[in-house]
Amino acid sequence: MEIKLVDPRALVENPERARRSKSNPQADALLLATIKAVGIVQPPVVAPQADGGNGFVIQAGHRRVKQAIAAGLGEIAVIVGEAAEDGGAMRSLVETLAHEGLNPVDQWRAIERLVAIGWTEEAIAVALALSVRQIRKLRLLANVLPAMLDHMAKGDMPSESQLRTIAAASLDEQKEVWKAHKPGKGDPQVSWWSVANGLSKTRMYARDASFDDELAQAYGISWVEDLFAPADEDSRYTTDVEAYLGAQQEWMTRNLPKKGVITEANTWGQPELPKKAEQVYGKPKKSDHTAMYLDRDGKVQTVHFRMPQPNAAKGKGSSGEDAVAMPKTRPDVTRKGTEMIGDFRTDALHEALGRAPIEDDTLMALLVLAFAGQNVRVDSANGGGDDYYHGNRRIARHAAALFDAEGKLSFDMETLRLAVRSMLIEVLSCQENRTNSGIVARAAGDVVGADGFLPNMGTEEFLSCLSRSALEASCEGTSVLPRARVKDTRAALVEAFNEQTFVHPSAFFAPDREALGAWLASNTVSEEDQEDEEPVGPDAEPVDPAHDDSEGFREAAE
């Protein structure tokens, strides 16, 4: 390395110099005045031309050489050294920064040049006394549209937050926004606020997320680090707002405490609590409720509220827990619309049941389904006497056996027979209480020969329910003769009936003819009523082929 005196006009500019944009005019004027007064204090650094030329290429000091020429100096002192392995890229950058700071665009270009020739981000950070995060932040300018970079290099820079938004957008989006907001001849300044606003996207930050990495992965959330944010905070974010809020919602569902509800925020960002609820601002009690909701930033918030004391419990089955009725959102179909749909369906169902061809086994299956309907009240003798069912689990379980795994009505005859028998057992009752089915149960028992299944009634308990005349009549056909005392007659009958079955005549199923006739008369449809009703069965009008579901019924029956 040596010092030489050379004509500044003979020095060759380095095409890979760090500063490419125009320097500050005030700084150039100050440097020119200094050179005129005392000359160049620190000689520029040059290196011999590598392409066989006799000149020298400026490695560091382009501004000093330029201002020396402007000052009219014929010779200046330069330091001649060998070109570095990186072409003097790092030395040029360090000296340039020492004399006058570069704008971010020139810094980024110089850093990208160093990375291209093998420098690591860590090594660049050590050489420039910068943090690795700052180096990575500058490298984000690689995501900025080249046309925007050229304008930024002129000194018109956006703010850090605006630059963050621009760098996060795709080049195609930047190109479209730049067309609308690029500067014109009359107004060379760019409205960076408008550019950033056109590219802004809602960000949901990882630091505000309650869910873990497992839920994030399940919802396909990938975090992006915001290198413009402060280094001491978690700056990871995602723009997939729908997936983020879905993961937050599932986390609330999984972690909902006892007596907790999930609600929504209103227009003012406050939770929608149930009617008459009082929000608890102090320490909650064990009897208080918890409401979880998402605020405007997507954060899970928790508030406690208290319901008013319920009135005294009335009747059986009342619970001491105060019910919480959450506000309902408007459904897709209103209540009136749902009622209209119900009317349409009922008319169509009744018309199909009355006119469509239906196989016998399908009719049996449909009858079983009908008993499982929630509008059917069955005072079942199998429920303990005080229970009745509206198509609940006990009754509906027999109908459920007729469906396959795909929810289609599909069964074999053996399954159908078992379901029909089980449903008839649940429904028909001859007990003398609220479960009594009436005369129809007597008729059903007579048809199926239920008399042969009646138990032996020759017991002390039953015979004690008979009058003297009925007890003495029961002695007919036996070796027992009526005794003077009823007690003795009853004891003799009990002993005699130990070896044979006794059934009292009043217990047989065949209904009384007069009672059956009265029931038939009160439930038979008159001719006038038949004229008012639509025909059902064979006399009905043919069904429209477009609505012929007989094939579907046959498939279900098979």
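Mentor: Let us begin with accessibility: a residue is called buried under 20% relative accessible area, exposed over 50%, and partly exposed in between. Please keep in mind that this is a predicted model.

Trainee: What makes K276 exposed?

Mentor: Its relative accessible area is 69%, and since exposed means over 50%, K276 is exposed. K276 belongs to the loop between strand 8 and strand 9 (278-280), and its phi, near 70°, is likewise a positive value in a residue other than glycine.

Trainee: How do you know what span to expect for helix 1 (residues 25-38)?

Mentor: The expected span is 1.5 Å times one less than the number of residues. Helix 1 has 14 residues, and the 20 Å from its first C-alpha to its last is close to the 20 Å expected. Helix 1 is followed by G39, whose phi is positive, near 85°.

Trainee: Which residues of helix 1 are buried, and why are they said to lie on the same side?

Mentor: The buried residues of helix 1 are D28, L31, L32 and I35. They cover an arc of only 100° around the axis, and therefore they are on the same side of helix 1.

Trainee: What covers the buried residues of helix 1?

Mentor: The cover includes helix 2 (62-70). The axes of helix 1 and helix 2 come within 9 Å and cross at roughly 60°, in a crossing that is right-handed. In this contact A27, D28, L31, L32 and I35 of helix 1 meet R63, R64, Q67, A68 and A70 of helix 2.

Trainee: What makes a residue in that contact count as nonpolar, polar or charged?

Mentor: The residue type decides: Ala, Leu and Ile are among those that count as nonpolar, while Asp and Arg are among the charged. On that basis the residues of the contact of helix 1 with helix 2 divide into six nonpolar, one polar and three charged.

Trainee: At what angle do helix 9 (residues 171-181) and helix 10 (residues 192-199) pack?

Mentor: They pack at an angle of about 145°, with their axes 10 Å apart, and helix 9 passes helix 10 in a right-handed crossing. E173, Q174, V177, W178 and H181 in helix 9 meet W192, S194, V195, G198 and L199 in helix 10. The residues of this contact divide into five nonpolar, four polar and one charged.

Trainee: Which residues of helix 10 are buried, and what covers them?

Mentor: W192, S194, V195, A196 and L199 are the buried residues of helix 10, and their cover includes helix 7 (146-152), helix 8 (160-168) and helix 9.

Notes:
Residues are numbered from 1 along each chain as its sequence is written. This is a predicted model: local features need pLDDT of at least 70, side-chain atom pairs count only at pLDDT 80 or more; totals for chains, interfaces and linings use all residues. Side-chain values use heavy atoms; hydrogens and water are left out. Axes are lines fitted to C-alpha atoms, for helices over the stretch in contact, and angles run from 0 to 180 degrees between N-to-C directions. Helices (H or I, at least four residues) and strands (E, at least two) are DSSP runs, numbered from the N terminus. A crossing is left-handed if the near helix is turned anticlockwise from the far one by less than a right angle, and right-handed if clockwise. Contact means heavy atoms within 4.5 Å. Buried means under 20% relative accessible area, exposed over 50%, partly exposed in between (1.4 Å probe, protein chains only). The arc is that of the directions from the helix axis to the C-beta atoms.
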